[in-house]
Amino acid sequence: MLRFIVRRLLSTVPIVLVVVSITWGLIRMAPGNFYTGERRLPPAVERNIREKYGLDRPWYVQYGRMLGNTVRGDFGNSLTYEGQPVNSILANAVPVSALLGALAYVLALIVGITAGTIAALKQNSRYDYASMAAALIGISLPNFVLGPALVAWLALTWYLLPPALWNGFSVNLILPAVTLSAVYMAYIARLTRAGMLEVLRSNYIRTARAKGLSERAVVMRHALRGGLLPVLSFSGPALAMLLAGTIVVERIFAVPGLGNYFINANLNRDEPLIIGIVAFVSIAVILMNLLVDIAYAVVDPRVRY
Amino acid sequence: MAATTATQPTTEPVAGTSLWQDAWRRLQRNKLAVTGMVLVAIIVTASLAGPPIIERTTGYTYDYIPSEPELLKALPPFTGPDGSFSWEHPMGTDTSGRDLLARVLLGGRISLMVGLISTFVSLMIGLAYGATAGYLGGRVDEAMMRIVDVLYSIPYMMVVIVLLSLFGRNTPLGQLVLLFIALGAVSWLTMARIVRGQVISLKNQEFILAARATGVSTIGILARHLVPNTLGPVIVYATLTIPSVMLLEAFLSFLGLGVQAPYASWGSLAADGVQSIAIFPWQLLFPGTTMAITLFSMNFIGDGIRDALDPQMRKS
């Protein structure tokens, strides 16, 4: 187990470097430059800019410097947010996105697992059909439709919640978190139902029932542990997907998180910021996947690494 | 019974039911899947046939902007310029006075096209990659699957965003082609894994041995014998890939990185609609619901095909 963890942690380094290299290559292969705009710059100004940002050096020197920066975890200054180091932008934006993402995922887990478990226990009942239909709608409804619809309905018609404002942990979080979590809620409910249906038919549940345990104990202590394995293995890719979802939701609700910065960085060709965010997110995704795999081994004794 | 009839010399071959016929029968009995197929058929037909019909009858196209200045405004559904009931614009108009129905149908063409072409791209890459890895086995397989594992842990959305925002922004058509390739290139991983698994379970069976004994080349065995036999799970996964790719396209278009004007897709129309959600809600409602219904139906069809091809897989 320990060897497995160490190996995975070590493999993170080359993976992140590959991702960062691909990104850097894409940025450099694209036509134009961050300082090219509507107006043509005087040659002297252009030369000065190129010199200041080291663009006059051979490409391998620049590439090497970028890799070195990534390894040291210091990405230099942002080009759009002048004078701001990428790291301080990350330090501001990461907690925002993490709070939103974590809240959305916890919400999705609570609602999804509850709904899925009840649906499995009452298989083929009216509740089962209704919740699974709702789940399918949740999967099909894009969150850029759901979000603005919720805003129009709850915020602009009924004035219940603010449409878009970010001030940390407050009621303003409700709309973005719900919008972000809808899809995951739906997936988790479906996975829980499928997993529970399979487990509830297995022998060890029959044994537990035969021992005379209460239905509550059978479900909570025995069935859920096995039935939630699909949810656990879904969580790895889901947390990675969540990052794509946050980009859209952050755009809709004007949340100053990673996604918003990432889009702006791309539109402005802010190379250090793009590289910094991509590197950070890659590391985060890999670590989350590792955590999920470890959790899997802890919950399911059949899994050995 | 069946065995005895099969050995009798008959002039006509006994009509057996193939896997596909059985699957088709089961699919037809699945109400949700049939509903989904009908809805998708309607939406596809409307997207293909609708725009020319609208253009012939009313002259509206997706980029037709009225010449009268008083019409350069958003009209609610079924409303004429004077506020009375009118059949002119069943979905209303957008902020420039363009007919929203024509735009939604035209957007449907692009969205469906992105879904189909990108899925095809991912299918081709996934089939070739997975079949090669599975058939060759050993070190090659291990290395190829290691690469897939690594690619899985990449935040591919971010790479796609980088790609789309830096390249091809000047030509709308170039952006569209880039979109096909980018979306196809990031969604082949699971396909490759499925194909590999299938190929590994098939490659030691007798018919492959027979093919090899008769001197069929490796590529021939892969293309003619192995890949056709993996089609069941591949079709299931491909039908489920179409809606997920369409959703990705819509995300990107919503962010302004996908389909560029003058083209429109459901995602870019929704993005336009969100700008004025409080005043002109129908501009988000129609493209948004059309898209949601389409994705909903496609998911039903995919689930239905999965259940039909493998009745024992029935789970969720």
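What percentage of the 316 residues of chain B count as buried? The share is 45%, where buried stands for 20 or more other C-beta atoms within 10 Å of a residue's own, exposed for 12 or fewer and partly exposed for the range in between, with C-beta atoms placed from the backbone.

The model is predicted, with local features requiring pLDDT of at least 70 and side-chain atom pairs counted only at pLDDT 80 or more, while totals for chains, interfaces and linings use all residues. Residues are numbered from 1 along each chain as its sequence is written, and chains are lettered from A and ligands numbered from 1 in the order in which they are written.

**View 1. Chain B has 13 helices and 0 strands.** Helices (H or I, at least four residues) and strands (E, at least two) are DSSP runs, numbered from the N terminus. Along its sequence, chain B reads α-α-α-α-α-α-α-α-α-α-α-α-α. Among the contacts in chain B with a separation of 6 or more, 67% join residues 24 or more positions apart; two residues are in contact if their C-beta atoms, placed from the backbone, lie within 7 Å.

**View 2. Chain A and chain B meet through 41 residues of chain A and 32 residues of chain B.** On the side of chain A that touches chain B, at least two residues each come from α1 (2-29), α5 (126-140), α6 (143-155), α7 (174-200), α10 (229-252), α11 (258-267) and α12 (271-299). The largest share, 7 residues, belongs to α12(A). By class, this side of chain A holds 32 nonpolar, 5 polar and 4 charged residues. Here Ala, Val, Leu, Ile, Met, Phe, Trp, Tyr, Cys and Pro count as nonpolar, Asp, Glu, Lys and Arg as charged, and the others, Gly among them, as polar.

**View 3. Helices α12 (residues 266-275) and α13 (residues 282-309) of chain B have axes that come within 8 Å and cross at roughly 150 degrees.** α12(B) is therefore roughly antiparallel to α13(B), a term for angles over 145 degrees. The axes are lines fitted to C-alpha atoms over the stretch in contact, and angles run from 0 to 180 degrees between N-to-C directions. On the α12(B) side the contact involves B:Trp266, B:Leu269, B:Ala270, B:Asp272, B:Gly273 and B:Val274. From α13(B) come B:Gln283, B:Leu284, B:Pro287, B:Gly288, B:Thr290 and B:Met291. The contact has 7 nonpolar, 4 polar and 1 charged residues.

**View 4. A:Gly112 lies in helix α4 of chain A.** A:Gly112 is buried because 27 other C-beta atoms lie within 10 Å. Leaving aside residues up to four places away in sequence, A:Gly112 touches A:Tyr184, A:Met185, A:Ile188, A:Ala189 and A:Thr192. A:Arg193 is 81 residues from A:Gly112 along the chain, yet their C-alpha atoms are separated by 9.3 Å.

**View 5. A:Asn124 and A:Ala254 sit in loops of chain A.** A:Asn124 is in the loop between α4 (86-121) and α5, and its phi is positive, near 65 degrees, in a residue other than glycine. A:Asn124 counts as exposed because it has 8 C-beta neighbours inside 10 Å. A:Ala254, in the loop between α10 and α11, has a positive phi near 50 degrees. With 13 C-beta neighbours inside 10 Å, A:Ala254 counts as partly exposed.

Conventions:
Angles under 35 degrees count as roughly parallel, over 145 as roughly antiparallel, 65 to 115 as roughly perpendicular and the rest as oblique.
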